[in-house]
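Welcome! Take a moment to look over the sequence and the model, and then let us walk through some of the features together.

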Amino acid sequence: MRLIHRSQWGAPATSAATYIASTRGVKVHYLGERYTSRSHDRCDDYVRDIRAAHLANKKENYSDIAYSMLVCEHGYVYEGRGAHKRTGANGNYALNSNHYAVCALLGSEGMTKPTDAMLSGIRDAIEYLRTHGDAGDEIRGHRDGYATACPGGPLYAWVKKGAPRPGGQDRDTDPPPAGSGTRYQPPAFPAGLRPNSKSPSARGLQKVMKKLGFLAASVPYADNYGPQTQEAVARFHNKYTQFRAPGLKHDTAIGPRGWAFAHTKAYGGK
Ligand SMILES: [Zn+2]
Ligand SMILES: [Zn+2]
């Protein structure tokens, strides 16, 4: 997944939007205006423009860019409000509470057909929101339950098919069947993940530590990387000492290499 965090595209690191514990799933959007294909160095300009337009929208009174995540034609995923923040894009309070919102940088005129890279990126965003934002299994279009043409014909047709990853290689968080030859890719390490912090959320880490047996299944999920998560990571490091910080007997901080190894071990089907 090619994830671009808020701070990397020029938004404040954490969204001011309201916390949300979980959703039923994700709704897919498009821009609903003319959009033209562009080189990737100009994609983040467009994302910043969307945020500025949303902040200037007095009628909606948005606290931030309305979408949870945005995906460009090159398959990069921009963190919008992000995981565990209620979206403002689905139409009303109930719709915003029920689903996250992933927006494709795709037009109603001009560039109207999604690229394979974009579909792959939307799929990445959906899986990210499941792992990090407790999104449920539903994948819908904005038009489901709300009077709008969004996300446009081509994208909606893909949503109705269940939003398959192009090329048929489904890369869900579930392990691929043994011997299928599908290469597992661990999710990107959440930059800034550290003990005693709740942003980025530690839920994904808790999930994988439970799966590997380092954290008891009865421990409730929480955004905070608290004492129980820290102990689980220390146990993980004591078993796989190659990921433990040199000279530390009790290393509670997971790093990118340990993160990738743990996910591959848990979900890589090995
Ligand atoms: Zn929409
Ligand atoms: Zn791009």
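For the helix pair described below, an axis is a line fitted to C-alpha atoms over the stretch in contact, and the angle between two axes runs from 0 to 180 degrees between N-to-C directions. Please keep in mind that this is a predicted model.

How confident is the predictor? The mean pLDDT of the protein chain is 92, and 94% of the residues reach 70 or more. One stretch to treat with care is residues 171–178, where pLDDT stays under 50. For these residues the model has 14 contacts beyond four places in sequence.

**Two domains**

The protein chain is divided into domain 1, covering 3–168, and domain 2, covering 203–267. Their centres, taken over C-alpha atoms, are separated by 30 Å. Where the domains touch, four residues of domain 1 are in contact with four residues of domain 2. On the domain 1 side, these residues divide into three polar, one charged and no nonpolar.

**A pair of helices**

Two packed helices are described by the angle between their axes and the distance between the axes. Helix H6 spans residues 203–211 and helix H7 spans residues 227–239. Their axes come within 10 Å and cross at roughly 50°. H6 and H7 are therefore oblique to each other, and their crossing is left-handed.

Which residues in H6 and H7 meet? From H6 come Leu205, Gln206 and Met209, and from H7 come Thr229, Ala232, Val233 and Phe236. By class, this contact has five nonpolar residues, two polar ones and no charged ones.

**Backbone details in the loops**

Most residues other than glycine have a negative phi, and most peptide bonds are trans.

| Cis peptide bond | Omega |
|---|---|
| Cys150 to Pro151 | near 10° |
| Ser199 to Pro200 | about 0° |

Where do these prolines lie? Pro151 is in the loop between strand S8 (135–141) and helix H5 (153–160), while Pro200 is in the loop between H5 and H6.

The loop between H5 and H6 also holds Ala163. Although Ala163 is not a glycine, its phi is positive, at about 55°.

How values were computed. Residues are numbered from 1 along each chain as its sequence is written. Chains are lettered from A and ligands numbered from 1 in the order in which they are written. This is a predicted model: local features need pLDDT of at least 70, side-chain atom pairs count only at pLDDT 80 or more; totals for chains, interfaces and linings use all residues. pLDDT is the predictor's confidence in each residue, from 0 to 100. Two residues are in contact if their C-beta atoms, placed from the backbone, lie within 7 Å. Helices (H or I, at least four residues) and strands (E, at least two) are DSSP runs, numbered from the N terminus. Angles under 35 degrees count as roughly parallel, over 145 as roughly antiparallel, 65 to 115 as roughly perpendicular and the rest as oblique. A crossing is left-handed if the near helix is turned anticlockwise from the far one by less than a right angle, and right-handed if clockwise. Ala, Val, Leu, Ile, Met, Phe, Trp, Tyr, Cys and Pro count as nonpolar, Asp, Glu, Lys and Arg as charged, and the others, Gly among them, as polar. Domain bounds come from an automatic or database domain assignment.
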